[in-house]
Amino acid sequence: MTRITSDAARRIALGAQGLVRRPTAGGRDRRHFRRLFDRIGLLQLDSVNVVARSHYLPALARLGPYQREALDRYTSQSGEVFEYWGHEASLLPVAVYPLLRWRMDEFTPWGRIRKVMEDHPGYIEDVYQEIAQRGPLTVGELSDPGARTGPWWGHGQGRSAVDWLFASGRITATRDHRFGRVYDLSERVIPADLREADPLPAVEAQRRLLELAARHHGIGTVADLADYYRLHVPTARALLGELATEGRLEVVDVAGWRGPVYLHPQAAQPRRIQGATLLSPFDPVVWRRERAERLFGFHYRIEIYVPQQLRVHGYYVMPFLLDGRLVARVDLKAHRRTGVLEARGAHAEQGVDKIAVARALGGSLAELAAWLDLDDIVVRRRGDLGGHLAAVAG
């Protein structure tokens, strides 16, 4: 069995994710976005907009500054991307559509969907027909969207209807300028050859998704690879064993990791990782917290839903990657009305050169602020790195 050091495993993982070095300056077009999706497989969506919508940030980390509107045009107009449940709600290349048909077919109506079906027979089909005739539409543009039953999760019957049609694959969605879903028939979004192909058996589709996960991660445990497309871990364990037996993946031994560990045969092992970048909490490098801790010794938890008085590092905390290591974290907020990027706190990892880290982080904050069209950076002195960062920014 091939033995791999933990340092080599970290470089393999970052290489697979396209984070070997910071990109050179220049324009970004659909070719860059296409390569991004090929490299990392998906962009996870999330409604939190404290700094920027989450799917914009992994692209920034890998492509450097780009026009967010250009990514919007690519994902909504190119015909190469669709939205579905990948790693949570995600933007995915249309090429993986056949690999997710089993998920669409296996969805069964959940509580509020069953209630709509029982209380309003035929309503969901009416919504489908309205989208077919008038689409693309938001929920609010439906002729009878129904009233919300609460301020947060009290979805009206229209929202329940489109959620079911979306989950079962009859409609898909793009996002408007306010990040709201705009629904249309799948047949008007997904290419016919992908949509009309005979569905793959669920087991075969999951095997292929696990192979993709291994390529995107480069190296990983069963739980790491299953998590990429949210697959059932016991099922993934058996399928990964089959893929290794067939030589499609290699079982390796990584110092300090509990096995089995799988290496993709095309995974490169960069000699060095260079450059500095901030990572979204929803970036594939850190979205599985156990993996981030194993790769980097970086204990990371999202504290958005933690009461303020119990937060350790802050509300929207972005890890800072410097030359292949997670060396710090910074709690950020973009104040768009006043044109300010606020660093509300910054913490360094143990043993790092805080002055060097603060200088590099200051450069990344300046890049982020410019990309967000913010004029100023304000740094609070909270955290053991805050003072050093404030000195750099000031």
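Predicted model: local features only at pLDDT ≥ 70, side-chain atom pairs only at ≥ 80, totals over all residues.
Asp29 counts as partly exposed, because its relative accessibility is 28%. Residues are numbered from 1 along each chain as its sequence is written, and side-chain values use heavy atoms, with hydrogens and water left out.

**Salt bridges**

- Side chains of opposite charge can pair when their charged atoms come close.
- A salt bridge here is a side-chain nitrogen of Lys or Arg within 4 Å of a carboxyl oxygen of Asp or Glu.
- The whole structure holds 34 salt bridges.
- Asp29 pairs with Arg31, and their closest N and O atoms are 2.6 Å apart.
- Arg31 is partly exposed, because its relative accessible area is 49%.
- Asp163 and Arg159 form another salt bridge, with 2.9 Å between the closest N and O atoms.
- These two residues are four apart in helix H8 (residues 157-167), so about one helical turn separates them.
- Asp163 is buried at 7% relative accessibility, whereas Arg159 is partly exposed at 29%.
- A network of salt bridges links Glu204, Arg207, Arg208, Glu242 and Glu246.

- Helices (H or I, at least four residues) and strands (E, at least two) are DSSP runs, numbered from the N terminus.
- Strands of a sheet pair through backbone hydrogen bonds, either parallel or antiparallel.
- Two strands count as paired if DSSP finds at least two bridges between them.
- Four strands make an open sheet in the order E1-E8-E9-E7, and the pairing is mixed.
- E1 (2-4) and E7 (219-221) are at the edges with a single partner strand each, so one side of each has no neighbour in the sheet.
- On average, neighbouring strands of this sheet are turned by 40 degrees against each other, direction ignored.
- Angles run from 0 to 180 degrees between N-to-C directions, and axes are lines fitted to C-alpha atoms, for helices over the stretch in contact.
- E8 (residues 250-254) and E9 (residues 261-263) run antiparallel and are joined by three bridges.
- Val251 has Tyr262 in E9 as its bridge partner.
- Asp253 and Arg3 meet in a salt bridge through their side chains (2.7 Å, N to O).
- That pair links distant parts of the chain: Asp253 is in strand E8 and Arg3 is in strand E1, 250 residues apart.
- Asp253 is partly exposed at 26% relative accessibility, whereas Arg3 is exposed with a relative accessible area of 69%.

- Another open sheet has five strands in the order E10-E11-E12-E13-E14, with mixed pairing.
- Its edge strands are E10 (276-278) and E14 (376-379), and each pairs on one side only.
- Neighbouring strands of this sheet are turned by 30 degrees against each other on average, direction ignored.
- Eight bridges connect E12 with E13 (residues 340-348), and the two run antiparallel.
- Ala346 in E13 stands opposite Val330.
- Arg329 sits in strand E12 (residues 325-335).
- Arg329 is buried, because its relative accessible area is 5%.
- Leaving out residues up to four places away in sequence, Arg329 touches several residues, including Phe298, Tyr300, His313 and His347.
- Contact means heavy atoms within 4.5 Å.
- Helix H15 (residues 386-393) lies across E13 and E14, and runs at about 150 degrees to E14.

**Helix H14**

- The expected span of a helix is 1.5 Å times one less than its number of residues.
- H14 (residues 354-371) has 18 residues and should span 26 Å; its end C-alpha atoms are 25 Å apart, which agrees.
- Asp353 caps the N-terminal end of H14, with a side-chain oxygen 3.2 Å from the backbone nitrogen of Ile355.
- Buried residues in H14 include Val357, Leu361, Leu365 and Trp371.
- Just after H14, Asp373 takes a positive phi of about 60 degrees.

Definitions and conventions. Buried < 20%, exposed > 50% of the residue type's maximum accessible area, 1.4 Å probe, protein only. Polar contact = N/O pair within 3.5 Å; in protein donor to acceptor, adjacent residues only side chain to side chain.
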